Amino acid sequence: PKDTVDVVVVGSGGAGFSASVSAHDHGAKVILIEKEPVIGGNAKLAAGGMNAAWTDQQKAKGIEDSLELMTKDTMKGGRNINDPALVDVLVSHSKGSVDWMTAMGADLSDVGRMGGASVNRTHRPTGGAGVGAHVVQVLYDNAVKRDIDMRMNTRGIEILKDDSGNVKGLLVKGMYKGYYWIKADAVILATGGFAKNNERVSKLDPKLKGFVSTNQPGATGDGIDVAGNAGAAMVDLEYIQAHPTLSVKGGVMVTEAVRGNGAILVNREGKRFVNEITTRDKAAAAILQQTGKSAYLIFDDSVRKSLSKIDKYIGLGVAPTADTLVKLGKLENIDGKALTESVARYNTFVTSGKDADFERPNLPRAINEGNYYAIEVTPGVHHTMGGVMIDSKAEVMNAKKQIIPGLYGAGEVTGGVHGANRLGGNAISDIITFGRLAGEQAAAYSKKK
Ligand code: ADP
């Protein structure tokens with residue numbers, strides 16, 4: 001019957017699609033459900049890239065990286081509370097996941113830098129265009145090619161178990177069909193995070209009450225409840241990340257790659273105040289301390305040309321421009337004289353290769369070419385680090401750390417991979433690697449049954 005499969009995957013973000021394709025390729029019959037009318041979740045919005053170490057793409061560019069270094073950066077960024085076994089999976093499979101995506105038709109050949117990384121390891125399409133939309137499109141095309149049964153407007157409600165506690169299916173609610181159940185040996189939860197649910201967010205972290213969010217409407221966290229009702233334990237739920245640079249004018253998230261490619265941050269007084277490519281938690285906290293709780297990303301045409309995404313921000317009208325920094329300051333009510341001095345001083349650091357003020361580790365280019373731009377930014381709730389507890393086979397665990405047979409989790413719905421703070425570029429890596437793994441494990445489990 002058409003509602004009986006080996007594996008049902010809940011959520012159509014990067015984790016859900018990776019899990020579906022991988023489960024299929026390991027011999028399972030799959031249904032993918034998505035509660036929203038559109039596919040892609042938040043994964044589709046990801047703009048930074050996919051972190052991976054020791055890749056062919058890095059080698060081709062002469063970048064020296066290692067698994068140890070990516071592990072160290074990830075743990076440090078997560079304030080060392082990450083689950084080391086999960087970080088090991090993330091890091092050791094990262095090259096394999098880039099190759100897997102590439103073999104399916106993705107272009108991840110550009111390699112840039114995101115906050116908290118010691119070297120360039122953020123893989124993205126040539127020209128730096130939106131990696132999330134690209135990755136989701138490639139995965140979707142591959143799911144279509146495999147004729148995977150995808151059902152939109154269908155919400156996962158409750159995991160069903162047999163008398164011995166093994167998963168036997170999922171109760172769902174289709175927009176038109178109403179409630180029905182899908183019989184399956186295994187369920188993979190790939191329902192994403194809950195950054196868009198400010199009630200849930202502010203209960204866990206009252207500082208974030210009333211904050212805007214960068215997330216899509218489906219990021220409410222009902223998957224956390226579905227898992228919890230099935231006995232899953234939760235980890236690190238209180239760690240919620242604010243993305244430091246949400247445009248004040250347009251509400252769009254401005255990717256960290258703008259800073260990675262050379263933009264600086266200044267306050268209304270025209271002064272730099274932080275290492276621009278520090279981790280997201282530190283950058284967000286620093287911005288909130290400035291006048292008006294906002295800051296400005298300042299860059300020139302050379303930065304603009306290095307990242308095609310910037311033209312989108314300009315197109316949206318969130319990046320006013322002028323041919324001198326004094327004029328730019330006037331447009332945005334920033335102290336133009338101080339701004340000019342700050343940029344000149346920063347440019348001397350680019351020349352000397354050393355940031356004497358904030359020890360910014362990458363100084364890719366001076367800000368002195370063509371027109372200047374300013375984007376006013378403020379932090380917005382972006383990523384929820386915590387979630388369902390999984391082991392290194394993506395099996396969901398209960399509070400006694402026993403697995404719930406047949407239940408798997410992958411992506412932002414899970415906790416432990418990123419610790420207290422996720423590094424930019426580690427989400428795409430997480431969802432593809434753990435999605436693949438969950439798909440493979442669930443297919444193998446179903447075959448054994
Ligand atoms: P990840 O990055 O971990 O893949 P995303 O946020 O990209 O996560 O995708 C998660 C998807 O899961 C979203 O499209 C969201 O609408 C969907 N989703 C969330 N809860 C449910 C649910 N209960 N049933 C079906 N789909 C869900």
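A: Start with helix 3, residues 67-77, whose buried residues are Met70, Asp73, Thr74, Met75 and Gly77. Buried means under 20% relative accessible area, exposed means over 50%, and partly exposed lies in between, using a 1.4 Å probe and protein chains only. Helices (H or I, at least four residues) and strands (E, at least two) are DSSP runs, numbered from the N terminus. The model is predicted: local features need pLDDT of at least 70, side-chain atom pairs count only at pLDDT 80 or more, and totals for chains, interfaces and linings use all residues. Residues are numbered from 1 along each chain as its sequence is written, and side-chain values use heavy atoms, with hydrogens and water left out.

What covers helix 3? The cover over its buried residues includes strand 3, helix 4 (84-92), helix 5 and helix 15. Contact here means heavy atoms within 4.5 Å. After helix 3 comes Arg79, with a positive phi near 55°.

Take two of the covering elements next. Helix 5 (residues 94-103) and helix 15 (residues 426-448) cross at roughly 85°, and their axes come within 9 Å. Axes are lines fitted to C-alpha atoms, for helices over the stretch in contact, and angles run from 0 to 180 degrees between N-to-C directions. The angle classes are: under 35 degrees roughly parallel, over 145 roughly antiparallel, 65 to 115 roughly perpendicular, and the rest oblique. Helix 5 contributes Ser94, Gly96, Ser97, Trp100 and Met101 to the contact, and helix 15 contributes Ser429, Ile432, Thr433 and Arg436. By class, the residues of this contact are three nonpolar, five polar and one charged. Ala, Val, Leu, Ile, Met, Phe, Trp, Tyr, Cys and Pro count as nonpolar, Asp, Glu, Lys and Arg as charged, and the others, Gly among them, as polar.

Strand 3 also covers helix 3. It belongs to an open, antiparallel sheet of three strands in the order 3-5-4. Strand 3 (50-51) and strand 4 (110-112) are the edge strands, each pairing on one side only. Two strands pair if DSSP finds at least two bridges between them. Strand 4 is joined to strand 5 (residues 122-124) by three bridges, in the antiparallel sense. Within that pairing, Val111 stands opposite His123 of strand 5.

Helix 1 (residues 14-25) and helix 6 (residues 131-145) have axes 10 Å apart and pack at an angle of about 30°. That makes helix 1 roughly parallel to helix 6. Their crossing is left-handed: the near helix is turned anticlockwise from the far one by less than a right angle, whereas clockwise would be right-handed. Gly14, Phe17, Ser18 and Val21 of helix 1 meet Val136, Leu139, Tyr140, Asn142 and Ala143 of helix 6. This contact has six nonpolar, three polar and no charged residues. An α-helix has 3.6 residues a turn, so residues three or four places apart point the same way.

Asp147 lies in the loop between helix 6 and strand 6 (149-151). Its phi is positive, about 60°, although Asp147 is not a glycine. Most residues other than glycine have a negative phi. Asp147 is exposed, at 69% relative accessible area.

Is Ala394 buried or exposed? Ala394 is buried, with a relative accessible area of 0%.

Strand 16 (residues 387-389) runs parallel to strand 19, joined by two bridges. There, Val388 stands opposite Thr414.

Finish with strand 11 (residues 240-247). Eight of its eight residues are buried, so strand 11 is largely enclosed by the rest of the structure. Six bridges join it to strand 15 (residues 372-384), and the two run antiparallel. Leu246 has Thr378 of strand 15 as its bridge partner. These two residues are 132 apart in sequence, yet 5.3 Å apart in space, C-alpha to C-alpha. Leaving out residues up to four places away in sequence, Thr378 touches His243, Pro244, Thr245, Leu246, Val248, Ile287, Lys293 and Ser294.
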